[in-house]
Amino acid sequence: MQTAAPAGTATSREATLEVSGLSHDGRGVARRDGKTVFIAGALPGEQVRARVTRGKARFEEARLLEVLRASPERRTPPCPHFGRCGGCTLQHLSPGAQLAAQQQQLASAFERIAGLRPAHWLEPVASESFGYRARARLAVAWDPATRRAALGFRRGASRAVEALDACPVLAPEASALIAPLGALIATLDAPGRVRELWLATGEPGLALGVACAPAPDAADRARLEAFAAAHGTVLHVGRLPGDGGAPHWSEGGPALRYAAAAGGPVLEFQPWDFTQANRSVNRALIARVLEELAPGPGDRVLDLFCGLGNFTLPLAGRATRVIGVEGDAALLARARHNARANGLDNAEFVAADLAVAPAGAAWARGRYDLVLLDPPRSGAAALLPALAKLGARRIAYVSCDAATLARDAGMLCARGAWSLHRAGVFAMFPQTAHFESLAIFEARPQRPRLSGSGRER
């Protein structure tokens, strides 16, 4: 008689599983012995054989061994680095199915976390599947034994660098620099000093940031400058501090530019400034925000987490006044410059730490007709009580994390002052599990208060 294998043996840790969905990070989701199992590389609707590699009280992680029944949406990943490079996780899923999975994730987050459904769903917005990414930050690992530099993204959850010669999701002019940069680093006197490469494309233009620790000597800097000149790119050399913080950059070269909208403001930026990676989807997102908020003459607009003015300046072209609030001093300076360069004198910019409640700040005591917020992944929970006091008729919330958006939506709508009017997905990062969302909140009419005699005040 065959006995069951004890827990922890190879037999007990391998299983045939039915995949029912995708997780927020693009892994297949299945169930085994009452636990959720996350399987990298598996797709919904598939039957797979997998091996459990990590077990916790409520979930397990597994490695895909074999696809026994493939999803009709499965495709062959075009990039040979897929499965090792941490940059893309969904190249094996068709573009249409990627978009559908993101819509499902957003809807699930609203219902599961906040018990909400938007009154109307926006049509999802996508772009070209490849060659869309306008900027990238590449890690560099120098191997003195082979005298070769590995340039690329980190592998999964590790610190190891997946060496790339090109990247299909990058803008072609940026991707074409990767292999020559690897060859250049091998010619430097101190190649191990180069730790990161920042690539950014403008409309037009190309910039290269080389972050070093410590700074390169004069000979190596001359080699970097010659490379930049030969490839028609603006060079910036950065020095990485000893504490592992962000590089300190030079700004000797001209800034890059991109158009926020057809015929709209043009914004200047540097490779290290935060800008959206997908220009066409960014323009579609700005256009939708303008349509949904519908600012007009006489409207005052508050733009929280305004960055370098991506939404502020298009809003200023239609509203009477826009107040942009941002915590990054360098981005705030860039926003002010961009407003002046576009001849917009009705945009005002204020420095504030938006991770904490405003506590009586002047900008938070004003009255606004419309509010836009575009917070980081952590969301904007600290600001939500203040939003209720601004008198706005509509809020547009742009989010890069469905879970924190749903959490904040639940808080906004909890007391009945706001309703979730519209929401939708903007596929800013094809081939990955990341996406942007837009939620539109409408102020509900407030019931008049009654005096003790029952009459309206």
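In the predicted model, six strands form an open sheet with mixed pairing, arranged in the order 9-8-10-11-12-13. The edge positions are taken by strand 9 (148–152) and strand 13 (248–249). Each of these two strands has a single partner strand, so one side of each is left without a neighbour in the sheet. Within the sheet, strand 8 (residues 135–143) and strand 10 (residues 194–201) run antiparallel and are joined by five bridges. In this pairing, alanine 136 of strand 8 lies opposite leucine 199 of strand 10.

The protein as a whole contains ten helices and 22 strands. Its radius of gyration is 25 Å, close to the 23 Å given by the globule rule for 457 residues, and the protein is therefore as compact as a globular protein of that length. The C-alpha trace extends over about 80 × 75 × 40 Å along the principal axes of the protein.

Of the 457 residues, 49% are buried, that is, under 20% relative accessible area. Where contacts link residues at least 6 apart in sequence, 60% of them join residues at least 24 apart.

Charged side chains comprise 54 positive and 42 negative groups in the protein. The centres of the positive and negative sets are 5 Å apart.

Methods: Residues are numbered from 1 along each chain as its sequence is written. This is a predicted model: local features need pLDDT of at least 70, side-chain atom pairs count only at pLDDT 80 or more; totals for chains, interfaces and linings use all residues. Side-chain values use heavy atoms; hydrogens and water are left out. Helices (H or I, at least four residues) and strands (E, at least two) are DSSP runs, numbered from the N terminus. The radius of gyration is taken over C-alpha atoms; the globule rule is 2.2 Å times the number of residues to the power 0.38. Buried means under 20% relative accessible area, exposed over 50%, partly exposed in between (1.4 Å probe, protein chains only). Contact means heavy atoms within 4.5 Å. Lys and Arg count as positive and Asp and Glu as negative; His and the chain ends are not counted. The place of a charge is taken as NZ of Lys, CZ of Arg, CG of Asp or CD of Glu. Two strands pair if DSSP finds at least two bridges between them.
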